[in-house]
Amino acid sequence: MSKKIIIGITGSIAAFKSIQLISDLVKQGYQIEVMMSESATRFVTPVCIQSLIKRKVYVDTFDDENPAIITHVDIVKDADLFMVVPASAHTIAKLAYGMADNMLTSAFLAATCPKLIAPAMNVHMYENPITQKNIQTLKETGVVFVEPISGLLACGDTGNGKLADEETLLEMIDYMLAPKTLIGKKILISAGPTQESIDPVRYITNHSSGKMGYALAKAAFQSGAQVTLVSGPTHLKKPHGVNIIDVINANDMYHQIIQRVHDYHYIIMSAAVGDYAVQNIAEEKIKKKEDTLLLEFHKNKDILLEIGKRRSSAQVICGFAMETSNLIENAQTKLKKKNCDMIVANHLKVEGAGFQGDTNVVSILTTDAVQNYDIMSKQDLAHVILNQMKELEERKC
Ligand SMILES: Cc1cc2nc3c(=O)[nH]c(=O)nc-3n(C[C@H](O)[C@H](O)[C@H](O)COP(=O)(O)O)c2cc1C
């Protein structure tokens, strides 16, 4: 059954942004019900919204068509999420004080499902201690806020108050709806490639996009874990709710990870760390003079091997292996040598697997089993990996 999301729209200049969000949520298969404040109808029309959701849009609490049903109480009973987007300062104030003077505020008060508020307003309205106090009051009752972003506001002021972007809103909706299976767990993840400098303008790297590690961080956050992501250089948007540590080369990554080994329940090393670094990085740009250029490399420290030496038996450690031949044999050797609990082996030569795409084809090796998986999205695979780690941890107890 599709999840039911109630969306409240209020009288903010950002109300038009709720139209695209609603359209995208409908396309994703959610059941959407919409409530608008009177002021919101001055910015976008109920007709526009109702043609997207193919249902009545609620504005007036007393506009109950069926006398057997009191809509503001009934409609929220089976809701999975109540979201106010954009939320005006005025509606936030009313919600903080439990006022119920229109369909939106009455239904919000009657709802017992998780609640999400995305404020949008002028910077001074947002930063006003009264608004901040109202936000704090709502947070204390368990309401989750998607913080507004800073930028040029419609009123001409610059500052904090812009509605969070849609990608963040969708990430937060996923977070609110996901089962919280990893609450209390601390998870350390590495992602992306590393870059090893040759001279001030050149470096050696690999084709890793970081997508798998970022998908893992997102999935772990959605499942309620506290997540730290040590990321090599990528072009990906930083996942919401995750502590990010940016690094450039393998040595930086080594130090950032090794100092944290004992602080995490699960450690997942999905970064494609360079095996070698240039021995003597040139201080000046290397000129094009000779026909050939020889570079000398030294071996980088092996992060996974070092984690395997320092780990406690209660921790769950997962490594990644990417090979072009003898994948399973090599992954089995890696599992033992690095003292891991699990290796996710990438079938690089199989269609749909590997670095840049949004899908992967993997085998997951543990000390007593090899499980082969069909092609799936990196996001789905991230949940599979985390579930397997949880199972391994439970078996240890
Ligand atoms: C052009 C215009 C833009 C506005 N934009 C915002 C806004 O972004 N955020 C906000 O809190 N109020 C904004 N307001 C003020 C609200 O519409 C006003 O406080 C209203 O009473 C909110 O009612 P509601 O919370 O019931 O929707 C704006 C008003 C106007 C005329």
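Select strand S8 (residues 186–191) and strand S13 (residues 266–269): these two run parallel and are joined by 4 bridges. Helices (H or I, at least four residues) and strands (E, at least two) are DSSP runs, numbered from the N terminus, and two strands pair if DSSP finds at least two bridges between them. Within this pair, isoleucine 189 stands opposite isoleucine 268 in S13.

The model on display is predicted; local features require pLDDT of at least 70 and side-chain atom pairs pLDDT 80 or more, whereas totals for chains, interfaces and linings use all residues. Residue numbers start from 1 along each chain as its sequence is written.

**The whole chain and its domains**

The protein chain holds 14 helices and 21 strands, and its C-alpha trace spans about 80 × 50 × 40 Å along the principal axes. Of its 397 residues, 41% are buried; a residue is buried if 20 or more other C-beta atoms lie within 10 Å of its own, exposed if 12 or fewer, and partly exposed in between, with C-beta atoms placed from the backbone. Among contacts between residues at least 6 apart in sequence, 67% join residues at least 24 apart.

Colour the chain by domain: domain 1 covers 4–177 and domain 2 covers 186–284 + 293–396, bounds that come from an automatic or database domain assignment. The C-alpha centres of the two domains lie 38 Å apart. Their contact takes 6 residues from domain 1 and 6 residues from domain 2. On the side of domain 1 that touches domain 2 there are 2 nonpolar, 1 polar and 3 charged residues; Ala, Val, Leu, Ile, Met, Phe, Trp, Tyr, Cys and Pro count as nonpolar, Asp, Glu, Lys and Arg as charged, and the others, Gly among them, as polar.

**Tyrosine 175**

Select tyrosine 175, placed in helix H9 (residues 166–177). Tyrosine 175 has 20 other C-beta atoms within 10 Å and is therefore buried. Not counting residues up to four places away in sequence, tyrosine 175 touches Phe221, Gln222 and Gly241.

Move to strand S1 (residues 4–9), where 5 of the 6 residues are buried, so the strand is largely enclosed by the rest of the structure. S1 runs parallel to strand S2 (residues 31–36), with 6 bridges joining them, and isoleucine 7 stands opposite valine 34 in S2.

Then select alanine 107 in helix H6 (residues 103–110). Alanine 107 counts as buried because it has 24 C-beta neighbours inside 10 Å. Leaving aside neighbours within four places in sequence, alanine 107 is in contact with Ile6, Met35, His72, Ile75 and Val76. For a distance across the model, pick the C-alpha atoms of alanine 107 and aspartate 252: these residues are 145 apart along the chain, and the atoms are separated by 51 Å.

Finish at the ligand, which 15 residues surround, the closest being Gly11, Ser12, Ser37, Ser88 and Met121. A residue is near a molecule or strand if its C-beta atom, placed from the backbone, lies within 6 Å of it. The shell divides into 7 nonpolar, 8 polar and no charged residues, and its largest share, 3 residues, comes from helix H5 (residues 89–96).

Select H5 itself: 6 of its 8 residues are buried, so this helix is largely enclosed by the rest of the structure. The buried residues are Ala89, Thr91, Ile92, Lys94, Leu95 and Ala96. They pack against strand S3 (81–87), H6, strand S4 (115–119), helix H7 (123–127) and helix H8 (129–140). After H5 comes glycine 98, with a positive phi near 70°.

Methods: Two residues are in contact if their C-beta atoms, placed from the backbone, lie within 7 Å.
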